[in-house]
Amino acid sequence: MARHDRQPLRLGPRGERWFDVALTAFLLLPVPIFLVWGSRTEGALMTVQVVPLLWRRRHPVTVFGVIAVACGVQAALVDAPLWSQSAFAIATYSIARFATTAWTLVAVGVGLVGAGIASYDWLRPYPATTGTAHVAYALTTGAVVIAAAALGALGRTRQAYVDTLVERGHRLEREAAQQAALAAIDERHRIAREMHDVVAHGLTTIVVQADGARAAAIHDPSVAEPAFATISATGREAIAEMRRMLGVLRAERGETAPQPRLADLPDLVTEARAAGTPIELDLPDPLPAVSDGVALTAYRVVQEALSNVRKHAGPDAAATVRMRLEEGGEHRLVLEIADDGRGAAAPYDGRGLGLTGMRERVTAHDGTLEAGPGPGGGFVVCARIPL
């Protein structure tokens, strides 16, 4: 089966050098014969016409000039074509391939003039030659010059096209690397917010339980045992979650646990109740079908809001978590977390990291979040997330 993805053969710098050496050596093969058994003048002219081809890639204009002058000297000294005159066509190709368009036009002009001179000089020893023969000879020689220039210009155009594609590929590669770096930064920011939510929730539970256990131990030491069990379990869970997130940060590929879903909200509320906060949970049945991103945002909003209840609402505060679907111009998931704690007397200035994180999460889904003292006391967090 023929392969269609095979790349064309390309010579590297070393290959190009050896190719030029081999080409020059091939064109110089008849020179020893001329120098030993023939005309030394012709042998010297052939050497001068061929040897400059070794530098045709780096100095195409200079090489063409030397070869053109040698061919002009040949027209004055020798009334016959030489094997080495093929170097003129190679030099014309080289100047079109490695120089500019202006120098290519100059080389073609010189070649056409040389074709006319050569036809006259080489056919002059034959008196019977007609003008038509001179024209035909000049046109044939000129066609070789034009073909060589055309091939060189085609090669130069193709190389410029390839260079453009290579540069575009490098640019796209750099842009892709930059996009990947930005995506990695965004992912680390997301993980940092996740870590803040997890650690804040766990530490708040631990602090509340520790305070409650210390107060209860004064009157009834047996009451402290369940609190210590909750502290231990919450601490282990927070540490495990933090290690998992740190592993994601340190490794490109790390094991990740499933993201929280709406179905995990009852477990979150149960954990908060175990910490000593009475909580009423009101969820629609069945739970609405939402995307993973919306589910994670809703979970983190409830988690952070309950952490704030334990930190700021007071030891005797109770909370209510309600979820509903709001229909209208667009479907929205509405979360409301309210408590009956200190309300306006709580130490709240609207700039806490927890509230900022919740607002960023909700805003990322084009939603809104309102937080502040409730109308009947306590504190209310209300998030509306479009579906």
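Author: A residue counts as buried under 20% relative accessible area, exposed over 50%, and partly exposed in between (1.4 Å probe, protein chains only). At 56% relative accessibility, valine 36 is therefore exposed. The model is predicted, so local features need pLDDT of at least 70 and side-chain atom pairs count only at pLDDT 80 or more, while totals for chains, interfaces and linings use all residues. Residues are numbered from 1 along each chain as its sequence is written, and side-chain values use heavy atoms, with hydrogens and water left out.

Reader: Which helix holds valine 36?

Author: Helices (H or I, at least four residues) and strands (E, at least two) are DSSP runs, numbered from the N terminus. Valine 36 belongs to helix H2, residues 31–37. The protein chain has 11 helices and 5 strands.

Reader: What makes the nonpolar surface patch of about 470 Å²?

Author: Like charges are joined within 9 Å, and nonpolar side chains (Val, Leu, Ile, Met, Phe, Trp, Tyr) within 5 Å. Accessible areas come from the Shrake-Rupley method with a 1.4 Å probe; for residues, only the protein chains shown count as cover. Here Ile33, Leu35, Val36 and Trp37 form the patch.

Reader: How many aromatic pairs are found in the whole structure?

Author: Rings of Phe, Tyr and Trp (its six-membered ring) pair if their centres lie within 6.5 Å; planes under 30 degrees apart are stacked, over 60 edge-to-face, and the rest tilted. The search finds 1 aromatic pair. The ring centres of phenylalanine 64 and phenylalanine 88 are 5.3 Å apart and the planes are at 50 degrees, so the pair is tilted. Phenylalanine 64 lies in helix H4 (residues 60–77) and phenylalanine 88 in helix H5 (residues 86–98), so the pair ties together parts 24 residues apart in sequence.

Reader: Is phenylalanine 64 buried or exposed?

Author: Phenylalanine 64 is buried, at 7% relative accessible area. Phenylalanine 88 is also buried, at 12%.

Reader: Which residues touch the most other members of the largest nonpolar core?

Author: A nonpolar core is a set of buried Ala, Val, Leu, Ile, Met, Phe, Trp, Tyr and Cys residues joined through side-chain atoms within 4.5 Å. In the largest, of 31 residues, they are Val302, Leu306, Leu335 and Ile337. Two or more residues come from each of helix H9 (265–274), H10, strand S2 (319–326), strand S3 (332–339), H11 and strand S5 (379–386). H10 gives the most, with 10 residues. Another core, of 16 residues, lies apart from this one and includes Phe88.

Reader: What is leucine 335 in contact with?

Author: Contact means heavy atoms within 4.5 Å. Leaving aside neighbours within four places in sequence, the partners of leucine 335 include Val302, Arg322 and Val381.

Reader: Where is the cis peptide bond, and which residue other than glycine has a positive phi?

Author: Most residues other than glycine have a negative phi, and most peptide bonds are trans. In this model a cis peptide bond joins aspartate 285 and proline 286, with omega about 5 degrees. Proline 286 sits in the loop between strand S1 (279–282) and helix H10 (292–313). Aspartate 366 has a positive phi, near 60 degrees. The loop between helix H11 (353–364) and strand S4 (368–373) holds aspartate 366, which is exposed at 66% relative accessibility.

Technical notes. Patch = residues over 30% accessible without salt bridge, like charges linked within 9 Å, V, L, I, M, F, W, Y side chains within 5 Å. Salt bridge = Lys/Arg side-chain N within 4 Å of Asp/Glu carboxyl O.
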